[in-house]
Amino acid sequence: MTNDLSHIHRFAPGNRREAAPLLLLHGTGGDENDLLPLGEAIAPGGALLSVRGKVLEHGMPRFFRRLAEGVFDEDDVIRRANDLADFVTEARQRYDLAEPIALGYSNGANIAAAMLLLRPEALAGAVLLRAMVPLREAPKADLFGRPVLIVSGQSDPIIPPSNSAALALMLTKAGAAVEHRTLPVGHQLSQADLTVAKTWLANVEAGAVALT
Ligand code: MLT
């Protein structure tokens with residue numbers, strides 16, 4: 001764990017400099033250790049920058065405040081997404097990193113979606129696992145063909161299909177190259193998420209999906 005930049009994080013340099021680094025963003029109650037194994041499995045040898053959310057909800061780390069499950073404090077979403085984008089700039093300088101691809105789960109996917117819309121320059125793309133629309137009004141963003149994978153759960157009790165479809169549309173309208181997959185699972189991650197994300201990332205690296 002490192003806490004000398006603005007966010008507590010862990011950094012694993014990897015041994016494949018040509019791979020885009022992954023910015024790992026955990027779900028509610030997680031921390032910077034949670035997604036490291038998933039990141040290693042999805043992007044073997046790639047650099048991993050894994051961050052802890054700064055908000056505490058009954059002691060559980062998150063990336064922004066919510067008023068209820070699925071109901072967000074949007075002022076806080078905006079503030080925290082900007083803070084996280086600033087952290088990415090700091091960390092890129094500290095570790096000499098290229099623009100990262102975010103890999104976020106649940107609350108981490110939601111802050112990644114907010115960063116894409118508010119600070120598109122901070123990310124090269126994103127894998128959003130169980131993501132929702134983070135802001136009801138989409139800010140004017142130009143995502144310039146950035147690749148985005150959304151993976152939803154067909155029986156997710158937290159995220160209705162209409163919500164993930166609305167997110168896919170919002171990002172597409174902003175110019176992202178969105179692939180939206182729905183798996184026969186709930187809110188929890190599954191082996192299929194790993195397989196889908198790994199294949200998508202390999203295609204992005206091979207240039208089959210635009211990487212700006
Ligand atoms: C959120 O707050 O981002 C969503 O409700 C997902 C979650 O439970 O963390």
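A polar contact is a pair of N or O atoms within 3.5 Å; within protein, one atom must be able to donate a hydrogen and the other to accept it, and residues adjacent in sequence count only if both atoms are side-chain atoms. The model is predicted, so local features need pLDDT of at least 70 and side-chain atom pairs count only at pLDDT 80 or more, while totals for chains, interfaces and linings use all residues. Residues are numbered from 1 along each chain as its sequence is written, and side-chain values use heavy atoms, with hydrogens and water left out.

A polar side-chain atom of N107 lies 2.9 Å from an oxygen atom of the ligand. For T28, a polar side-chain atom is 2.5 Å from a ligand oxygen atom. G70 takes part through its backbone: an N or O atom there lies 3.4 Å from an oxygen atom of the ligand. Alone, the ligand exposes 260 Å², and the protein buries 96% of that (accessible areas by the Shrake-Rupley method with a 1.4 Å probe; for residues, only the protein chains shown count as cover).

The ligand is surrounded by T28, R62, F64, R66, G70, F72, S106, N107 and N110 (near means a heavy atom within 4 Å). This shell has 2 nonpolar, 5 polar and 2 charged residues. Ala, Val, Leu, Ile, Met, Phe, Trp, Tyr, Cys and Pro count as nonpolar, Asp, Glu, Lys and Arg as charged, and the others, Gly among them, as polar.

A cavity is a set of points where a 1.4 Å probe fits but cannot get out; a pocket is an open set with protein on both sides within 12 Å along at least five of seven lines; lining residues have an atom within 4 Å of a point. Points are joined across faces, edges and corners, and a volume is the space filled by probe spheres set on them.

The ligand sits in the largest pocket (more than half of its atoms lie within 2 Å of the grid points). This pocket has a volume of about 250 Å³. Its lining has 19 residues, with T28, R66, S106, N107 and H187 nearest the centre.

The second largest pocket holds about 150 Å³. G70 and F72 are among its lining residues.

Definitions and conventions
On a 1 Å grid over the protein atoms alone, a cavity is a set of points where a 1.4 Å probe fits but cannot get out, and a pocket is an open set with protein on both sides within 12 Å along at least five of seven lines; lining residues have an atom within 4 Å of a point.
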